[in-house]
Amino acid sequence: MKKIALLGATGSIGVRTLEVVRAHPDQYAIVALSAGRNAALLLEQIASFRPLAVAVLEPSVAAQVASRLPKEDAPQILVGMDGFVRLATREDVDTVISAMTGAAGLLPTYEAIRAGKHVALANKETMVMAGALVMAEARKRGVSILPIDSEHSAVLQSLRGHPREDLKRVILTASGGPFRDIPLEEMEYVTADQALRHPNWEMGRKITVDSATLMNKGLEVIEAKWLFDLKMDQIDILIHPQSIVHSMVEYKDGSVIAQMGIPDMTIPIAYALSYPRHLDNALAPLDLKKVGTLSFKSPDLNRFRCLKLALDAATAGASMPAVLNGANEIAVDAFLAGRIGFLDIPDLIEETMHAHVPLPVESIEAVMASDRWARDRASEILNRRFT
């Protein structure tokens with residue numbers, strides 16, 4: 001039985017993960033849960049899964065949770081980043097599911113690896129910001145990092161049984177989001193509500209906006225580079241509106257292996273937990289007759305400037321991906337708050353990147369310093385240009 005610490009339990013990935021655990025109680029046990037501010041949902045999860053410990057973002061949330069728990073058999077309650085790290089490094093945990101949103105997931109995930117825990121990774125920012133450090137530590141500790149992203153799960157499945165030296169390239173697919181077909185001039189006026197209506201996937205607010213800008217696909221390119229030890233010229237992207245082919249691997253003889261399935265995160269979550277096995281589920285099967293046509297095209301980098309910025313950051317390397325990510329988080333928050341427009345997101349990121357001189361990334365502390373610099377610079381630009 002795998003003993004799990006779930007980081008980000010109240011987010012969309014966390015909720016789906018608990019559904020998988022509930023369906024397979026003989027295989028998985030929840031030892032610890034972390035959440036941000038959603039005390040009500042966390043309390044429901046505590047009642048259902050009876051973890052030994054929980055961690056929340058703020059003392060006020062901890063007090064709210066504590067006040068509503070029974071005095072007997074209540075879990076230990078921890079607070080803040082220190083609490084998240086303590087959950088991820090518990091001796092009675094063997095698997096950490098990293099599903100926190102944004103850069104906040106980096107330190108707990110890294111410390112989990114250092115503590116010898118296997119990681120199921122949904123927090124792509126960990127790889128974007130510190131991929132080289134994270135993979136080196138995983139090799140040193142002999143632990144696995146299994147992706148939860150549907151695209152990387154597809155690549156993992158398409159690589160099985162094939163010699164790595166035969167690989168030619170990886171093809172990541174993208175739905176294109178809600179604005180893939182509207183005229184570019186109309187994108188200036190789209191609202192946060194429109195950006196949050198993803199046509200195929202149900203996700204959190206931040207990742208849904210990233211999918212609308214295609215920043216998410218850029219972050220996935222960087223993640224794939226580190227997860228699968230690829231060069232940038234071995235990674236391509238195709239817009240695939242149907243979200244049925246989750247990604248593909250091409251081999252040097254021209255063979256292309258694709259992984260297909262309905263667009264539901266239950267499948268890659270379960271695969272990361274059960275690897276290399278496939279678990280039963282209650283989802284409707286893929287019916288290609290109903291799907292009909294599967295279409296593919298190259299992304300327009302003029303339309304999706306965030307994707308180009310991510311590719312530029314990946315090429316620059318060093319601290320630039322961490323700066324890209326930090327600036328993007330500031331920009332997305334500002335867009336969701338109504339402070340900037342949709343097309344201002346890449347403007348803010350680009351100006352931040354142009355102000356940065358890439359620095360070597362030789363420690364987690366250096367990564368976090370670059371992240372802080374990016375957030376400070378992006379916030380300064382935001383306040384100067386948009387207030």
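Which residue, with a positive phi, follows α14? Helix α14 is followed by glycine 338, whose phi is near 80°. Helices here are DSSP runs of H or I with at least four residues, strands are runs of E with at least two, and both are numbered from the N terminus. The model is predicted, so local features need pLDDT of at least 70 and side-chain atom pairs count only at pLDDT 80 or more, while totals for chains, interfaces and linings use all residues. Residues are numbered from 1 along each chain as its sequence is written, and side-chain values use heavy atoms, with hydrogens and water left out.

The protein chain contains 16 helices and 11 strands. Its C-alpha trace spans about 60 × 50 × 40 Å along the principal axes. Of its 387 residues, 53% are buried, where buried means under 20% relative accessible area, exposed over 50% and partly exposed in between (1.4 Å probe, protein chains only).

Helix α14 covers residues 320–336 and reaches 24 Å from its first C-alpha to its last. This is close to the expected 24 Å, the expected span being 1.5 Å times one less than the number of residues. Because 15 of its 17 residues are buried, α14 is largely enclosed by the rest of the structure.

A nonpolar core is a set of buried Ala, Val, Leu, Ile, Met, Phe, Trp, Tyr and Cys residues joined through side-chain atoms within 4.5 Å. The largest such core has 87 residues, and those touching the most other members are Ile4, Leu33, Leu42, Val65, Ile145, Ile148 and Phe228. Helix α6 (residues 124–141) gives the most to this core, with 7 residues. A second, separate core of 35 residues includes Ala331, Phe342, Ile381 and Leu382. Leaving aside residues up to four places away in sequence, leucine 42 touches Thr10, Leu33, Ala35, Val54, Val56 and Val65, a contact being heavy atoms within 4.5 Å.

An open sheet of 4 strands has the order β9-β8-β10-β11, with mixed pairing; two strands pair if DSSP finds at least two bridges between them. At the edges lie β9 (235–239) and β11 (256–260), each pairing on one side only. Strands β8 (residues 167–174) and β10 (residues 245–251) are antiparallel and share 5 bridges. Arginine 169 has glutamate 250 in β10 as its bridge partner. Helix α7 (residues 150–159) packs on the sheet and touches β8, β10 and β11. The direction of α7 makes about 40° with that of β10, with axes fitted to C-alpha atoms, for helices over the stretch in contact, and angles running from 0 to 180 degrees between N-to-C directions.
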